[in-house]
Amino acid sequence: MARPARPPDGRMPLREHLSELRRRIVLAALGVVAGATVGWFLYDRVFAALQEPLLSVAEERGSIVSVNFAGLITAVDMKFKVAFFIGVVLSSPWWLYQLWAFITPGLTRKERRYAYSFVAAALPLFWAGAAFAALVLPNAVRVLTEFTPEGATNLIDAQTYLSFVMRFILAFAVAFVLPVIMVALTFAGVVRARAWARGWRWAVLTAFVFSAVMTPTPDVLSMFVLAMPICVLYFVALGICVLHDRRVDRQRDAAGLPRLDGSWPSEPDPEVAA
């Protein structure tokens, strides 16, 4: 059935917003399921790659450290979880596009070309965050297993280890995409650049707290190594948002229209006046 035409300004009532949200979630979920189906057949290779940091540490120390599947259905359960993890990664172009399409349903035909730019920017950042986490993971595993006494056997629960690894990788992948979402919200007119600028201190603090939590290593250097790229991406996104808002304000000034914050060119900046 054909979807109802939207008004020229892109506004929709709450019911249509909820319907659009449900539609985008269903489409994104179908993409993840399709990716997970492929991931089911890639399970053995991916599982070997995920446990490689653990096996490398065991070989270096000359100790017995291995992943233990406790229970009859644990192995099957983990195969489903790893397949879902692979599905999220493989289908990332699809569900990232669905995210953008929901955020900006009211863009004009000309402005919708930004959807492809959004995916083109978000996708490499998503994969870069996952790769960055994969590079740090061996060091985290090494530190955590160093507490095993000499001559002892460390049988690590498969559920605990693989869940930790997958959450670790996905957390950094999503964290690297957040600056692109900042730009998307600003381009859609939902959040002004000045709002992101006011919250830069909280953004930096959040980046360092996030890095401290996600790196279970005792050294401060690892936290800085992980937090700095997130901070740099935030300020790059902030700069893009500022340039966009200035361009839009100039265009609206030239057309004799109020700016996005409701002020007019002749009026003082409401924040400066405050």
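User: Where is S163 found?
Analyst: S163 is found in helix α6. Helices here are DSSP runs of H or I with at least four residues, strands are runs of E with at least two, and both are numbered from the N terminus. The model is predicted, so local features need pLDDT of at least 70 and side-chain atom pairs count only at pLDDT 80 or more, while totals for chains, interfaces and linings use all residues. Residues are numbered from 1 along each chain as its sequence is written, and side-chain values use heavy atoms, with hydrogens and water left out.

User: Is S163 buried or exposed?
Analyst: S163 is buried, because its relative accessible area is 14%. Buried means under 20% relative accessible area, exposed over 50%, and partly exposed in between, with a 1.4 Å probe and protein chains only.

User: What is S163 in contact with?
Analyst: Leaving aside neighbours within four places in sequence, S163 is in contact with K81 and A158. Contact means heavy atoms within 4.5 Å.

User: Stepping back, how many helices and strands are in the chain?
Analyst: The chain has ten helices and two strands. From the N terminus on, the order is α-α-β-α-α-α-β-α-α-α-α-α.

User: And how much of the chain counts as buried?
Analyst: Of the 274 residues, 39% count as buried. The chain exposes about 15,900 Å², and carbon and sulfur atoms supply 68% of that area. Accessible areas come from the Shrake-Rupley method with a 1.4 Å probe, and for residues only the protein chains shown count as cover.

User: What share of the contacts comes from residues 24 or more positions apart?
Analyst: Such pairs account for 77% of the contacts in the chain with a separation of 6 or more.

User: Which residues touch the most other members of the largest nonpolar core?
Analyst: V82, F118, Y161, L162, F172 and W196, out of 58 residues in that core. The elements that give two or more residues to this core are α2 (43-61), α3 (74-90), α4 (92-103), α5 (114-145), α6, α7 (193-198), α8 and α9. Helix α6 gives the most, with 18 residues. A nonpolar core is a set of buried Ala, Val, Leu, Ile, Met, Phe, Trp, Tyr and Cys residues joined through side-chain atoms within 4.5 Å. In soluble globular proteins, nonpolar side chains tend to be buried together.

User: What does V82 contact?
Analyst: With neighbours within four places in sequence left aside, V82 is in contact with Y43, V46, L162 and M166.

User: Now α4. Why does L96 count as buried?
Analyst: L96 counts as buried because its relative accessibility is 0%. Its place is in helix α4. Not counting residues up to four places away in sequence, L96 touches F118, V119, A122, L123 and V177. L96 and F118 are 22 residues apart in sequence and 8.3 Å apart in space, C-alpha to C-alpha.

User: W100, buried or exposed?
Analyst: W100 counts as buried, at 4% relative accessibility. W100 is also found in helix α4. The C-alpha atoms of W100 and I181 are separated by 8.2 Å, and the two are 81 residues apart along the chain.

User: What about A131, where is it found?
Analyst: A131 is found in helix α5. A131 is partly exposed, with a relative accessible area of 40%. A131 and I169 are 38 residues apart along the chain, with their C-alpha atoms separated by 7.8 Å.

User: And which residues does A171 touch?
Analyst: A171 touches F210 and M214, not counting residues up to four places away in sequence. The place of A171 is in helix α6. Its C-alpha atom and that of A130, 41 residues apart along the chain, are separated by 8.1 Å.

User: Changing topic, which residues lie nearest the centre of the second largest pocket?
Analyst: L178, A203, T206, I230 and Y234, among 15 lining residues. The elements that give two or more residues to that lining are α6 (158-187), α8 (200-214) and α9 (220-254). The largest share, six residues, comes from α6. On a 1 Å grid over the protein atoms alone, a pocket is an open set of points where a 1.4 Å probe fits, with protein on both sides within 12 Å along at least five of seven lines, and lining residues have an atom within 4 Å of a point.
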